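Please look at the sequence and the model below, and keep both in view while you read the walk-through that follows them.

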Amino acid sequence: MAEKEKTAGELRREALCYAPKNGYDRLTAEDEAALQRYCEDYKRFLDAGKTERECVSEAIRQAEAKGFRPFVRGMELKSGDKIYRSNRGKSLMLAVVGSRPLSEGVNIGAAHIDSPRLDLKPNPLYEDSELAYFKTHYYGGLRKYQWVSIPLELHGVVARKDGSVVEVAIGGRPGDPLFTINDLLPHLGVEQSKKPLSEAIPAETLNILVGSRPFRDDEGAERVKLAVLDLLHQKYGITEEDFISAELEVVPAFRAVDIGFDRSLIGAYGHDDRVCAYAEFAALLELEIPSRTAVCILADKEEIGSEGVSGMQSAAFDTFMSDLCDSQKVPLKTCYEKSFCLSADVTAAYDPNYADVYEKRNSARINYGMGLCKYTGARGKSGASDASAEVVAYVRRILDEAGVFWQMAELGKVDAGGGGTVACFMANRDIDTLDAGVPVLAMHAPFETVSKLDCYMTYKGMKAVYAAE
Ligand code: MN
Ligand code: MN
């Protein structure tokens with residue numbers, strides 16, 4: 001059938017109007033196949049890394065298999081060299097040395113691998129009414145009511161006074177026991193149900209049930225607690241005092257799974273921000289000799305403001321970069337001012353169930369690709385780095401040239417709330433930075449949902465950023 005001739009209006013509309021299309025209406029067969037493979041790898045990465053430390057270990061394992069080696073200060077580097085530096089096992093910086101000198105800048109991908117969770121308090125274990133519990137202090141912005149009545153795992157480390165560190169991972173393997181926080185039964189929840197969501201579950205009631213069986217043949221007090229301590233001592237060689245120097249994180253016991261009859265979505269804990277972290281990491285692993293040096297950061301502590309020695313505000317990143325620059329006798333500032341950073345972090349996907357908090361014209365949509373976020377912040381862009389128009393144009397160009405599907409993203413209605421990323425800390429270093437990442441449904445929930453197409457397009461977008469001249 002001959003194509004109908006377009007009217008003048010149709011032609012002008014095509015030429016002038018911005019009309020984003022659903023990615024599935026544009027996806028090539030080649031991209032479709034690559035998308036499925038990529039998402040299976042991503043799901044495996046999620047199941048292997050439930051904490052920032054586990055993500056670092058898994059990333060190092062994969063990087064070493066691809067020829068990356070630890071970067072030691074003073075090491076001579078040539079183009080094509082693949083290096084990494086672990087910052088205390090909690091964040092990771094990797095680089096592939098490019099053919100152009102560092103004085104011409106680097107291409108950086110910066111994402112975070114910490115996710116909202118419940119941390120154990122330094123003195124967590126107690127017994128009440130012959131039940132044993134762990135006290136917790138929540139980490140990051142979470143809605144407390146979502147964390148009750150779900151299965152939970154315990155991951156982390158206990159550092160003993162003698163310097164030895166015990167790794168704990170309970171719940172990741174088949175047959176492992178799990179933990180939970182019991183909610184109130186509806187029969188007795190009349191008063192609680194009248195409270196606002198933010199008050200119904202006070203933080204000090206987020207206590208993890210960890211045991212109920214008393215120590216045998218003992219007349220003393222707190223026999224259930226004693227029995228738990230006895231088990232922990234048998235398995236890990238730790239005592240109650242050792243909790244004081246531990247980082248034990250309670251995380252949801254969900255594996256990454258396909259969602260939907262069409263399997264077009266992935267449900268999992270920790271998409272924020274492992275979905276972008278994995279995208280920039282997987283893209284880096286495939287580089288041979290990029291033109292500009294490619295740098296990938298898997299940062300810690302973003303969810304609590306990027307503070308601390310392993311957060312994006314830490315000098316550890318500047319030290320890594322200046323060590324790199326020293327190998328070419330380039331001043332760090334010369335490198336920074338010519339560099340580009342894609343702050344790869346998730347954004348809120350438009351959710352028709354909660355349409356009133358979004359401004360539809362400027363919200364990211366599921367299956368429309370990587371979401372570019374010129375600014376984040378709250379109450380009039382406060383806390384945003386607000387990328388320059390020129391920087392956004394640059395990214396539009398390289399993404400379009402690489403066939404990456406992307407869209408604009410603003411996190412909800414103005415004054416509906418807001419959020420931040422590591423972008424401002426990179427921009428503060430005099431590095432041109434733009435936020436971009438995967439749109440997420442139910443962000444910060446124990447079980448978040450993303451689109452496979454958006455995951456893949458973010459990975460493809462990171463490849464384009466690293467490959468840019
Ligand atoms: Mn994030
Ligand atoms: Mn977050």
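The paragraphs below go from the metal sites to the backbone, then to one helix and the surface.

This is a predicted model, in which local features need pLDDT of at least 70 and side-chain atom pairs count only at pLDDT 80 or more, while totals for chains, interfaces and linings use all residues. Residues are numbered from 1 along each chain as its sequence is written, chains are lettered from A and ligands numbered from 1 in the order in which they are written, and side-chain values use heavy atoms, with hydrogens and water left out.

We begin with the metals. The manganese ion (ligand 1) is coordinated by His-112 (NE2), Asp-272 (OD), Asp-345 (OD) and Asp-345 (OD), at 2.1 to 2.6 Å; donors here are N, O and S atoms within 2.8 Å of the metal (3.2 Å for Na, K and Ca), and since water is not among the atoms, sites may look incomplete. Along the chain these donors follow the spacing H-x159-D-x72-D. Strands (E, at least two residues) and helices (H or I, at least four) are DSSP runs, numbered from the N terminus. His-112 is buried, with a relative accessible area of 0%, and Asp-345 is buried as well, at 8%; buried means under 20% relative accessible area, exposed over 50%, and partly exposed in between (1.4 Å probe, protein chains only).

Which residue bridges the two manganese ions? Asp-272 does so, and the manganese ion (ligand 1) and the manganese ion (ligand 2) lie 3.3 Å apart. The protein donors of the manganese ion (ligand 2) are Asp-272 (OD), Glu-303 (OE), Glu-303 (OE) and His-444 (NE2), at 2.1 to 2.6 Å from the ion. Because Glu-303 lies in the loop between β13 (293-299) and α7 (316-326), and His-444 in the loop between β21 (439-441) and β22 (448-451), this pair ties together parts that are 141 residues apart in sequence. Glu-303 is buried, with a relative accessible area of 13%, and His-444 is buried, with 17%.

The backbone comes next. Most residues other than glycine have a negative phi, and most peptide bonds are trans. Yet a cis peptide bond, with omega about 10 degrees, joins Asp-272 and Asp-273, and Asp-273 lies in helix α6 (residues 271-285). Asn-367, although not a glycine, has a positive phi of about 75 degrees; Asn-367 is placed in the loop between β15 and β16 (370-373) and counts as buried at 11% relative accessibility.

Helix α11 (residues 452-467) has 16 residues and reaches 23 Å from its first C-alpha to its last, close to the 22 Å expected at 1.5 Å a residue, where the expected span is 1.5 Å times one less than the number of residues. Because 14 of the 16 residues of α11 are buried, the helix is largely enclosed by the rest of the structure. Ser-451 caps the N-terminal end of α11, with a side-chain oxygen 3.2 Å from the backbone nitrogen of Leu-453.

Leu-184 is found in the loop between β8 (165-170) and α4 (197-200), and at 38% relative accessibility Leu-184 counts as partly exposed.

Definitions and conventions:
Polar contact = N/O pair within 3.5 Å; in protein donor to acceptor, adjacent residues only side chain to side chain.
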